[in-house]
Amino acid sequence: MTPADLNFPSNGAPTRGRSAISTYVVTGVAGFIGSHLAEMLLARGDAVIGIDAFTSYYPRKLKRANLEYLTDSSRFSFLEADLNDAPLESLFAGVDGVFHLAAQPGVRGSWGQGFEHYVRDNVQATSRVFDVAAAAGVRVVYASSSSIYGDAEGYPTTEATTPQPRSPYGVTKLTCEHLHRAFSLNKGLDAVGLRYFTVYGPRQRPDMATQRIAEALCGGGSFEVFGTGEQSRDVTYVEDAARATLTVMEVAPTDRVYNVGGGSETTLREIIATCEQITGETLEVTYTTVADGDVKRTAADTSLILEETGWSPQVSLEDGLTSQLARTMSHQAWEGTPAVA
């Protein structure tokens with residue numbers, strides 16, 4: 001299978017402002033960031049070849065719903081496949097770039113017997129993407145994570161900070177960065193990595209705190225906090241994250257790894273209070289022990305990506321949470337779940 005087989009025109013130059021269509025591969029296209037990025041690419045006139053394996057980390061119906069935002073476009077084509085055996089050689093031939101966002105997510109889920117899935121879906125799959133992309137001469141922008149820092153040596157945390165991940169998930173994402181370096185040195189891979197800091201917004205994964213807060217406020221029920229709620233995160237609105245991903249594909253120097261943070265470091269208690277203020281509802285909160293691998297604080301120094309690409313976050317925390325709450329409310333109403341007025 002090639003871009004031509006999918007009726008997508010293709011050429012080798014990703015420069016904007018031309019009449020020809022650029023074609024990009026997006027792995028993990030049915031996921032949270034992947035679906036937003038693909039939507040952004042289609043909106044500006046590009047063609048997208050989306051790949052997703054529909055792993056069982058969260059319900060397939062939610063990922064299918066994410067694809068509904070894309071399938072109406074004649075410039076979108078979808079392949080359900082595992083990256084470890086998908087026909088990547090033909091898919092990457094002639095495309096303008098690969099956005100590699102597919103991964104097995106989750107700090108808590110990476111402990112115990114499920115770790116083999118993280119090795120296969122994160123490390124092995126990424127190695128194959130890098131290998132095929134290097135052979136095809138195609139740039140890859142791939143998802144790393146703030147989890148590689150663990151409890152960082154300093155805040156705001158720069159890219160030069162020594163990684164010390166506290167979870168098996170973080171270890172796999174750091175391994176992908178080492179693979180980036182190895183393929184760059186030995187195979188000539190052109191790649192840029194992005195260390196995303198807690199991305200939130202509409203269509204967020206159901207296991208993440210902000211989405212669980214939104215669902216509890218909009219549909220009833222309680223919210224369980226791991227720890228005291230005083231742990232803080234640098235949270236990044238999903239459209240800002242997608243825009244950073246697209247920006248580095250086009251203008252970043254090769255072999256860079258950047259922090260992508262929203263500049264909104266806030267505690268979980270503060271997020272709850274803001275969501276309550278937006279909805280006018282009071283959230284029932286329960287507390288439990290801190291989960292293995294959770295860190296106390298994250299805060300991104302994003303001066304490098306600003307200096308080298310011009311990207312900076314644009315969406316405020318309140319505006320981002322308002323959008324996420326509105327989407328959650330409308331989605332629950334569509335499913336027949338009671339929602340607040």
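Me: How far does helix H7 reach from its first C-alpha to its last?
Reply: Helix H7, residues 238-251, has 14 residues and reaches 20 Å, close to the 20 Å expected at 1.5 Å a residue. The expected span is 1.5 Å times one less than the number of residues. Helices here are DSSP runs of H or I with at least four residues, strands are E runs of at least two, and both are numbered from the N terminus.

Me: Before I go on, what sort of model is this?
Reply: This is a predicted model, where local features need pLDDT of at least 70 and side-chain atom pairs count only at pLDDT 80 or more, while totals for chains, interfaces and linings use all residues. Residues are numbered from 1 along each chain as its sequence is written, and side-chain values use heavy atoms, with hydrogens and water left out.

Me: Thanks. How many residues of H7 are buried?
Reply: 10 of the 14 are buried, so H7 is largely enclosed by the rest of the structure. Buried means under 20% relative accessible area, exposed means over 50%, and partly exposed is in between, with a 1.4 Å probe and protein chains only. The buried residues of H7 are Val238, Asp240, Ala241, Ala242, Ala244, Thr245, Leu246, Thr247, Val248 and Met249.

Me: And how do H1 and H7 cross?
Reply: The axes of H1 (residues 32-43) and H7 come within 9 Å and cross at roughly 65°. Axes are lines fitted to C-alpha atoms, for helices over the stretch in contact, and angles run from 0 to 180 degrees between N-to-C directions. The H1 and H7 crossing is right-handed. A crossing counts as right-handed if the near helix is turned clockwise from the far one by less than a right angle, and left-handed if anticlockwise.

Me: Which residues meet there?
Reply: From H1 there are Phe32, Ile33, His36, Leu37, Met40 and Leu41, and they meet Val238, Glu239, Ala242, Arg243, Thr245 and Leu246 in H7. Contact means heavy atoms within 4.5 Å.

Me: Another pair then. How do H6 and H8 cross?
Reply: Their axes come within 11 Å and cross at roughly 35°, and H6 passes H8 in a right-handed crossing. Ala209, Ile213 and Leu217 of H6 make the contact with Leu268, Ile271, Ile272, Cys275, Glu276 and Thr279 of H8.

Me: What about H8 itself, which of its residues are buried?
Reply: Leu268, Ile271, Ile272, Thr274, Cys275 and Thr279 are buried in H8. Seen down the axis of H8, the buried residues fall within an arc of 165°, so they line one face of the helix. That arc is taken over the directions from the helix axis to the C-beta atoms.

Me: What follows H8?
Reply: Glycine 280 does, and its phi is positive, near 75°.

Me: Where is the cis peptide bond?
Reply: The bond from tyrosine 155 to proline 156 is cis, with omega near -10°. Proline 156 is in the loop between strand S5 (140-145) and H5.

Me: Last one: where does glutamate 284 lie?
Reply: Glutamate 284 lies in strand S12 (residues 284-288) and is exposed, with a relative accessible area of 51%. Glutamate 284 and phenylalanine 223 are 61 residues apart in sequence and 6.2 Å apart in space, C-alpha to C-alpha.
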